[in-house]
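Reader: I would like to see how the labels attached to this model follow from its values. Please take them one at a time.

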Amino acid sequence: MNLFARVLRTLAVAGVVGTVVPTGLTVVATTFSSEAYAQSISVRGNRRVDAETIRAYFTPRPGEAGLTQVRIDEGVKGLYQTGLFSDVRATRTGGGVIVTVVEAEILNNVVFEGNKRVKTEQLAAEIESKPRGPFSRSVIQADVQRIVDVYRRVGRYDVRVEPKYINRENGRVDLVFEIQEGERSPITKIVFVGNRAYSDSRLKDQMTTAEKGIFSFFKNNDNYDADRLAADQELLRRFYLRNGYADFRVVSANAELDPAAHAFTVTIVVDEGERYSFGSVDLVSNVADIDASAYRSRVRPSPGGVYNAELMDKTVEDISIELARRGKPFASVRPRGERDGASRVVNVVFVIEEGPRVYVERINIRGNTRTRDYVIRREFDIAEGDAYNRALLDRGERRLKNLNFFKNVRVTNEPGSAPDRVIVNIDVEDQPTGEFSVAGGYSTQDGFVGE
């Protein structure tokens with residue numbers, strides 16, 4: 001009996017429990033069930049979170065022999081990751097575990113004060129701090145920056161945002177974002193450096209960003225927007241490439257804020273390079289059953305003409321569509337250009353090659369909050385189940401950008417469910433449709449004021 005008691009005690013310490021039956025020299029044992037272990041886990045310090053919820057993080061998984069130290073560490077880490085606790089400690093006591101927690105404060109309300117130019121709904125959608133969510137100072141500081149970014153997108157760079165906290169009972173906190181919107185900071189001057197072929201006014205006409213003028217009252221494209229300025233650099237590049245400047249590049253584009261005037265000056269430095277013409281223009285086929293001569297009428301550039309990258313893109317699109325119409329959807333067209341710096345010509349060869357046999361499995365449209373999906377899909381000459389054709393996707397992307405419905409358009413692809421399947425992702429960001437507002441008031445210091 002003494003031997004049996006010692007064996008039972010040893011098994012209990014090792015985490016084994018159940019029925020122990022001595023049969024000669026053999027001991028038959030069963031392991032603890034999850035319910036039995038749950039009873040040995042004590043929870044202390046919880047006020048809002050149910051004890052059973054906390055125990056669930058420590059209960060052994062099916063097949064585990066017992067509550068190991070690894071499982072305890074995982075439970076502590078899991079409780080921290082919920083964001084509901086500021087402190088979690090687990091201590092072994094005999095055959096059980098005591099879990100002591102300190103619950104984190106909870107956000108009761110999230111309020112914005114002082115916001116007149118940006119709606120509360122828009123600000124609430126941008127931040128991560130939500131009512132009934134965990135109170136986290138690091139998240140709140142990140143939310144402050146998000147609010148500042150929202151105001152900068154509408155041209156208010158002098159904005160000040162300060163979070164205030166009001167403690168309530170039962171560990172709840174009201175969060176108030178106090179906002180001083182400041183003055184609007186428009187772009188008053190756009191300066192070009194390095195342009196010889198075209199005047200500043202001609203280049204400004206190619207951009208969506210504009211200087212502040214008498215009609216700024218009706219539009220907001222004179223607000224400094226880094227994303228819009230980046231898109232304008234691409235518009236300038238396409239303009240120069242259409243007009244023969246194959247080596248054109250934007251060296252830099254900087255915006256400098258004058259704190260006294262609350263206004264920006266944008267300086268764009270360009271390197272135009274030399275102007276090129278088309279040299280020889282040819283079309284060849286590397287596919288045995290495709291006769292290049294049948295597609296020569298689709299070649300738009302002509303020898304001696306001013307170099308135009310847009311004509312090359314159009315040629316690729318036209319030949320790709322004609323190949324698909326004639327039952328060759330997997331054939332691809334690649335332009336190859338060779339610059340001759342001495343004579344300033346570009347010799348071009350369009351090469352028809354056999355491409356991989358890949359189909360479009362799915363087209364995902366993301367980011368459109370106001371524009372319907374079918375408006376986006378109708379700009380693409382490709383649909384689910386069609387042969388994958390990059391030229392057609394590029395043309396659809398340009399069409400979407402030319403609609404001026406979207407601030408950003410990006411078309412990417414990812415592998416599909418099989419090696420011969422591809423998923424196309426169309427990511428867009430809706431352009432503001434425009435807003436008109438009138439404000440007025442009276443103060444004893446300034447008299448009548450209006451905006």
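Author: Start with the rule for aromatic pairs: two rings of Phe, Tyr or Trp pair if their centres lie within 6.5 Å. Y198, F239, Y240, Y245 and F248 form one aromatic cluster. The model is a predicted one.

Reader: What makes Y240 and Y245 an edge-to-face pair?

Author: Their centres are 5.4 Å apart and their planes stand at 80°.

Reader: How do you know whether F112 and F177 are buried or exposed?

Author: Buried means under 20% relative accessible area. F112 has 10% relative accessibility and therefore counts as buried. F177, at 0%, counts as buried too.

Reader: What makes the charged end of R137 count as sitting over the ring of Y165?

Author: The rule asks for CZ of Arg within 6 Å of the ring centre and within 35 degrees of the ring normal. The charged end of R137 lies 4.7 Å from the centre of the Y165 ring, and it sits over that ring. R326 sits over the ring of Y295 in the corresponding way, with its charged end 4.8 Å from the centre.

Reader: Why are strand 15 and strand 16 placed at the edges of their sheet?

Author: The sheet is open, with 3 strands in the order 15-17-16 and mixed pairing. Strand 15 (359-366) and strand 16 (406-415) each have a single partner strand, so one side of each is left without a neighbour in the sheet.

Reader: How do you know that strand 15 pairs with strand 17?

Author: Pairing requires at least two bridges, and 7 join strand 15 to strand 17 (residues 421-430), so the two strands pair; they run parallel. In strand 17, V422 is the bridge partner of V360. Helix 11 (residues 390-403) packs on this sheet, touching strand 16 and strand 17. The direction of helix 11 makes about 160° with that of strand 16.

Key:
Residues are numbered from 1 along each chain as its sequence is written. This is a predicted model: local features need pLDDT of at least 70, side-chain atom pairs count only at pLDDT 80 or more; totals for chains, interfaces and linings use all residues. Side-chain values use heavy atoms; hydrogens and water are left out. Helices (H or I, at least four residues) and strands (E, at least two) are DSSP runs, numbered from the N terminus. Contact means heavy atoms within 4.5 Å. Axes are lines fitted to C-alpha atoms, for helices over the stretch in contact, and angles run from 0 to 180 degrees between N-to-C directions. Buried means under 20% relative accessible area, exposed over 50%, partly exposed in between (1.4 Å probe, protein chains only). Rings of Phe, Tyr and Trp (its six-membered ring) pair if their centres lie within 6.5 Å; planes under 30 degrees apart count as stacked, over 60 as edge-to-face and the rest as tilted.
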